[in-house]
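Take a look at the fold below. We will walk through it one part at a time, from the whole chain down to single residues.

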Amino acid sequence: HTHSGNINIDSHNVLKASIIVHPDTEESKLLVDRLHGLKFEERNIMIVDYRPLLAYDNERILFFSDGFLRSENTMMLYAIGGLNPPAQENDDGFVAATMEHQYGTINGKLREIVHVVRGKVYKLRLLNGGVHFSYRIRIDGFKFNVTATDSGPVEKFEVDEVIIHGGERFDIEIKIPSSLKY
């Protein structure tokens, strides 16, 4: 809980990551060996290119998070003083948040591009690392299968969207058609 104690102002916005535990199999051991082979560069400190960790073989990690233009601590003080705008409602009329949603990120970016190959099936690991908002995730023109929720496997079921709450995770499989109309 990086929000407790005195690590730094809004440190919970900095200390975020996914951790994926694979079963103890030969395939997993080969994957670990490959990930350990990433190239490091020395310039007073060690720097690693983390991009291969977000995509390997047919798996992709999509780490969603909410973001604010002002410090969240400042926004909390505004809330205490009654200076924030009214609570936002979702399409169904329920209160979606007591803070104004300003933007969200995927893997720390405002716009993430996921590279895929036609005819392949991909596993997307969707994680909501945000603290305030749920996200409705859909891939326009595609249906996908949910294969796990919060790291527990489930019997596959097909959907055209998922709603992912703070701290929640879904593993989904999506087949990229051999011929795309895009």
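## From strands to core to pocket

Strand S4 (59–67) and strand S8 (121–128) each give at least two residues to the lining of the largest pocket. Keep them in mind, and step back for a moment.

This is a predicted model. The protein chain has three helices and 13 strands. Of its 182 residues, 27% count as buried. Take contacts between residues at least 6 apart in sequence: 66% of them join residues at least 24 apart.

Now return to S4. Nine of its nine residues are buried, so the strand is largely enclosed by the rest of the structure. In a regular strand, side chains alternate between the two faces of the sheet. Here, Glu 59, Ile 61, Phe 63, Ser 65 and Gly 67 point one way. Arg 60, Leu 62, Phe 64 and Asp 66 point the other way. Residues of both sets are buried.

What does S4 pair with? Six bridges join S4 to S8, and the two run parallel. Glu 59 has Lys 123 as its bridge partner in S8. Four bridges join S4 to strand S7 (residues 103–106), and this pair runs antiparallel. Ser 65 stands opposite Thr 105 in S7.

Is Asp 66 buried or exposed? Its relative accessibility is 4%, and buried means under 20%, so Asp 66 counts as buried. Leaving aside neighbours within four places in sequence, Asp 66 is in contact with Tyr 103, Gly 104, Gly 130, Val 131, His 132, Phe 133 and Tyr 135.

Follow the chain past S7. Asn 107 sits in the loop between S7 and S8. Most residues other than glycine have a negative phi. The phi of Asn 107 is near 55°, a positive value. At 12% relative accessibility, Asn 107 counts as buried.

Next comes strand S13 (169–175). Five of its seven residues are buried, so S13 is mostly covered. S8 and S13 pair in the antiparallel sense over seven bridges. In that pairing, Arg 125 has Asp 171 as its bridge partner in S13. Strand S10 (144–149) is joined to S13 by four bridges, again antiparallel. There, the partner of Asn 145 in S13 is Glu 173.

In soluble globular proteins, nonpolar side chains tend to be buried together. The largest nonpolar core holds 20 residues. Leu 126, Ile 137, Val 162, Phe 170, Ile 172 and Ile 174 touch the most other members. S4, S8, strand S9 (135–137), S10, strand S12 (162–164) and S13 each supply at least two residues of this core. Look closely at Ile 172. Not counting residues up to four places away in sequence, Ile 172 touches Tyr 122, Lys 123, Leu 124, Leu 126, Ile 139, Phe 144, Asn 145, Val 146 and Thr 147.

Last, the pocket. Rolling a probe the size of a water molecule over the atoms shows where empty space is left. The largest pocket has a volume of about 660 Å³. Its lining has 20 residues, and Val 114, Ile 139, Asp 140, Phe 142 and Ile 174 lie nearest its centre. Which strand gives the largest share of the lining? S8 does, with three residues. The lining divides into 16 nonpolar residues, no polar ones and four charged.

Definitions and conventions:
Residues numbered from 1 in each chain as written. Predicted model: local features only at pLDDT ≥ 70, side-chain atom pairs only at ≥ 80, totals over all residues. Heavy atoms only, no water. 1 Å grid on protein atoms, 1.4 Å probe; cavity = no way out; pocket = protein on both sides within 12 Å on 5 of 7 lines; lining within 4 Å. Points joined across faces, edges and corners; volume = space filled by probe spheres on them. Nonpolar A, V, L, I, M, F, W, Y, C, P; charged D, E, K, R; others polar. Core = buried A, V, L, I, M, F, W, Y, C linked by side-chain atoms within 4.5 Å. Buried < 20%, exposed > 50% of the residue type's maximum accessible area, 1.4 Å probe, protein only. Contact = heavy atoms within 4.5 Å. Pairing = 2+ DSSP bridges.
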